[in-house]
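Here is a colleague's note for someone opening this entry for the first time. Please keep the view at hand while reading.

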Amino acid sequence: MKLFGGFGYLEKKSQRMLTKLKVERNGTPTPRHEEEPPNLKQSLKSLLGFLEILYFSGKMVSELINANPIVYEKKERRARSVPTAVEEYAVEPIDQQEVFDHVRDIKDPEHPYSLEELKVITEDAIEVDDQQSYVRITFTPTVEHCSMATIIGLCLRVKLLRSLPSRYKVDIRVAPGSHASESAVNKQLNDKERVAAALENPNLVDMVDECLAPSYN
Amino acid sequence: MEFYEGACELKLLQTLEGHTDRVWSLAWNPATGTADTPLVFASCSGDKTVRIWEQNPSPSSSSSSSSSSSYSSWNCKAVLEDTHTRTVRSCCWSPSGKSLAVASFDATTSIWENVGGDFECVSTLEGHENEVKSVSWNASGSLLATCGRDKSVWIWEVQPGNEYECVSVLQGHTQDVKMVMWHPTLDVLFSCSYDNTVKVWADDDDDWQCVQTLGEPNNGHSSTVWALSFNKTGDKMVTCSDDLTLKIWEMDGTSMQSADGYASWRHLCTITGYHDRTIFSVHWSSEGIIASGAADDAIRFFVEDKDGLVDGPSYKLLLKEEKAHGMDINSVQWSPGEKRLLASASDDGTVKIWELASLCTGNGY
């Protein structure tokens with residue numbers, strides 16, 4: 001049983017799922033897809049739970065990896081301190097709160113909740129050293145064999161790539177002990193060549209953008 | 001010659017802009033840098049192009065290195081574009097300098113030649129399932145090796161008329177293969193991988209096979225091996241890794257000439273505690289200076305420490321250039337020719353040309 005799906009697996013899967021979704025949206029399924037149930041819920045379910053096929057390959061189980069996640073309350077949004085006239089031109093260092101604000105609203109790939117609501121990301125799990133231009137995010141998948149971990153990590157990386165100054169070095173990892181394939185997931189997420197290749201795949205980019213969409217609102 | 005820490009300085013000669021995405025790799029044309037041929041190198045990028053850069057001939061180029069402006073002028077001579085549809089990951093000149101092989105994430109490798117002043121794509125090598133990550137010519141230019149994400153290493157034979165025939169597909173790595181490089185004199189191929197190993201491939205009666213695997217049990221790396229380079233004579237090799245170390249390997253002198261022709265490599269020493277992020281590139285100069293470039297934005301230079309022979313061979317830091325680039329450094333390459341020039345390529349989209357100059361002895365070479 002393979003416990004870890006790399007970006008390659010995601011690429012193939014996302015392509016199939018997106019094709020399916022597009023068909024649903026257009027409402028005019030091509031003959032190739034006629035055998036698919038014209039049921040949005042069904043196809044969403046298989047989209048959202050797509051990776052467990054990894055674990056039960058051959059059995060074609062199609063259920064959510066974590067069907068009933070605990071949803072937590074969002075943390076109150078603190079206003080960032082307003083600079084006084086004197087400080088107006090001072091360079092404001094990037095801090096934990098700012099980085100948290102960049103990533104808290106990223107949508108979970110599996111559920112209509114944010115990473116904050118599922119406590120995949122907490123403010124405390126973000127380490128920032130503005131002097132050294134360094135950020136480390138430690139996220140906690142909702143279940144320890146969560147195969148969504150790589151896509152969540154990819155979303156975090158892309159969001160920070162688009163939000164932080166280029167001088168920043170970013171490490172992304174799953175919380176120690178929170179994932180069955182911890183070292184494999186961490187290695188994949190921090191191999192920039194693999195990330196670069198993944199981000200040239202339009203279907204994967206679409207998936208990531210779906211998850212990032214709410215965080216730009 | 002001997003090198004001492006503090007006796008050298010690194011001078012930035014020029015910053016070359018033009019690529020619109022990260023620069024992944026660069027390659028000096030080995031047939032340039034002579035009295036009548038100005039230096040040429042190629043750089044390749046996430047912007048899907050290759051750029052060819054040429055040094056401007058200058059009237060005072062033979063004079064002192066202190067007048068750096070005399071040769072700090074580089075021009076982009078050509079842009080090879082509209083051929084690859086994805087990132088161009090690496091490139092390599094043939095030993096004659098006539099052909100440039102270009103490896104791309106679009107699963108193909110293209111061969112370019114300078115035809116009457118214009119670069120033309122004369123051949124395209126297809127076969128890898130997906131991203132091609134590295135390409136290398138052997139010493140005679142008769143063989144080409146490619147590797148990639150599909151975990152395989154391919155060996156191609158150069159045929160007349162720009163034909164390339166695949167003579168072997170080597171399976172053995174368990175993860176994507178980051179780089180391939182031929183030995184500088186022997187037809188022995190080296191590959192390094194995300195699976196933390198370096199593999200040595202040799203030809204046994206037209207049957208290519210893995211003759212050695214340098215992994216953690218052989219004092220090898222504990223994470224992705226990104227690159228390797230040989231010293232001038234080819235009896236030593238340096239590898240660099242995501243485990244933040246450089247490792248020096250030595251060829252077992254006796255087995256190099258042994259009946260089976262296989263060279264056997266053993267770990268000599270580990271250079272550790274310098275870079276604090278992934279080391280992506282390493283290059284050994286013909287003079288014996290190892291340059292390394294890493295994700296910590298720094299370039300470092302190491303030389304053999306001749307005083308430390310009591311505890312076996314060791315290498316010492318000669319010089320470091322912090323913040324050599326504004327972002328990760330993906331490639332460092334020494335130039336051919338007389339001048340001690342180094343080119344570095346970065347995520348910041350630039351290529352920088354440096355000169356390593358000796359302080360006390362003027363030109364020093």
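The points below go from the interface to single residues and then to the salt bridges.

1. A word on the model first. This is a predicted model. Local features are described only where pLDDT is at least 70. Side-chain atom pairs count only at pLDDT 80 or more. Totals for chains and interfaces use all residues.

2. Start with the interface. On one side are 19 residues of chain A, and they are in contact with 26 residues of chain B. Chain A and chain B bury about 1700 Å² between them. Of that area, 39% is on carbon and sulfur atoms.

3. Next, charge across the interface. Eleven salt bridges are found between chain A and chain B. Residue pairs in polar contact across the interface number 19, with both residues at pLDDT 80 or more. Which elements of chain A give two or more residues to the side that touches chain B? They are helix H1 (7–26), strand E3 (169–174), helix H5 (182–189) and helix H6 (192–198). H6(A) gives the most, with five residues. By class, this side of chain A has ten charged, six nonpolar and three polar residues.

4. One cross-chain pair deserves a look. A:Glu200 and B:Arg86 form a salt bridge. Their closest N and O atoms are 2.6 Å apart. In general terms, side chains of opposite charge can pair when their charged atoms come close.

5. A:Lys169 lies in strand E3 of chain A, while B:Asp328 lies in the loop between strand E25 (315–321) and E26 of chain B, so the pair joins two chains. Are these two residues buried or exposed? A:Lys169 is buried, with a relative accessible area of 11%. B:Asp328 also counts as buried, at 10% relative accessibility.

6. Now helix H5 of chain A. Its buried residues include A:Val185, A:Asn186, A:Gln188 and A:Leu189. These four cover an arc of only 165° around the axis, which puts them on the same side of H5(A).

7. Phi of B:Asp297 is near 70°, a positive value in a residue other than glycine. Why does B:Asp297 count as buried? Its relative accessible area is 2%, and buried means under 20%.

8. B:Asp297 also has a charged partner. With B:Lys323 it forms a salt bridge, the closest N and O atoms being 3.8 Å apart. B:Lys323 sits in the loop between E25 and E26 of chain B and B:Asp297 in the loop between E23 and E24, so the pair ties together parts that are 26 residues apart in sequence. B:Lys323 is exposed, with a relative accessible area of 60%.

9. A:Lys119 is found in the loop between helix H3 (96–103) and strand E1 (126–129) of chain A. It is partly exposed, with a relative accessible area of 43%.

10. Then a salt bridge inside chain A. A:Arg104 and A:Asp101 form it, with the closest N and O atoms 2.8 Å apart. A:Arg104 counts as buried at 3% relative accessibility, whereas A:Asp101 counts as partly exposed at 27%. Over all chains, a search of the whole structure finds 27 salt bridges.

11. Last, a loop serine in chain B. B:Ser335 lies in the loop between strand E26 (329–334) and strand E27 (341–346) of chain B. At 12% relative accessibility, B:Ser335 counts as buried. What does the side chain of B:Ser335 reach? It reaches the backbone oxygen of B:Lys339, at 3.4 Å. Not counting residues up to four places away in sequence, B:Ser335 touches B:Trp28, B:Leu39 and B:Leu341.

Technical notes. Residues are numbered from 1 along each chain as its sequence is written. Chains are lettered from A and ligands numbered from 1 in the order in which they are written. Side-chain values use heavy atoms; hydrogens and water are left out. Contact means heavy atoms within 4.5 Å. Buried area is the accessible area (1.4 Å probe) that two parts lose on being put together, summed over both. A salt bridge is a side-chain nitrogen of Lys or Arg within 4 Å of a carboxyl oxygen of Asp or Glu. A polar contact is a pair of N or O atoms within 3.5 Å; within protein, one must be able to donate a hydrogen and the other to accept it, and residues adjacent in sequence count only if both atoms are side-chain atoms. Ala, Val, Leu, Ile, Met, Phe, Trp, Tyr, Cys and Pro count as nonpolar, Asp, Glu, Lys and Arg as charged, and the others, Gly among them, as polar. Buried means under 20% relative accessible area, exposed over 50%, partly exposed in between (1.4 Å probe, protein chains only). The arc is that of the directions from the helix axis to the C-beta atoms.
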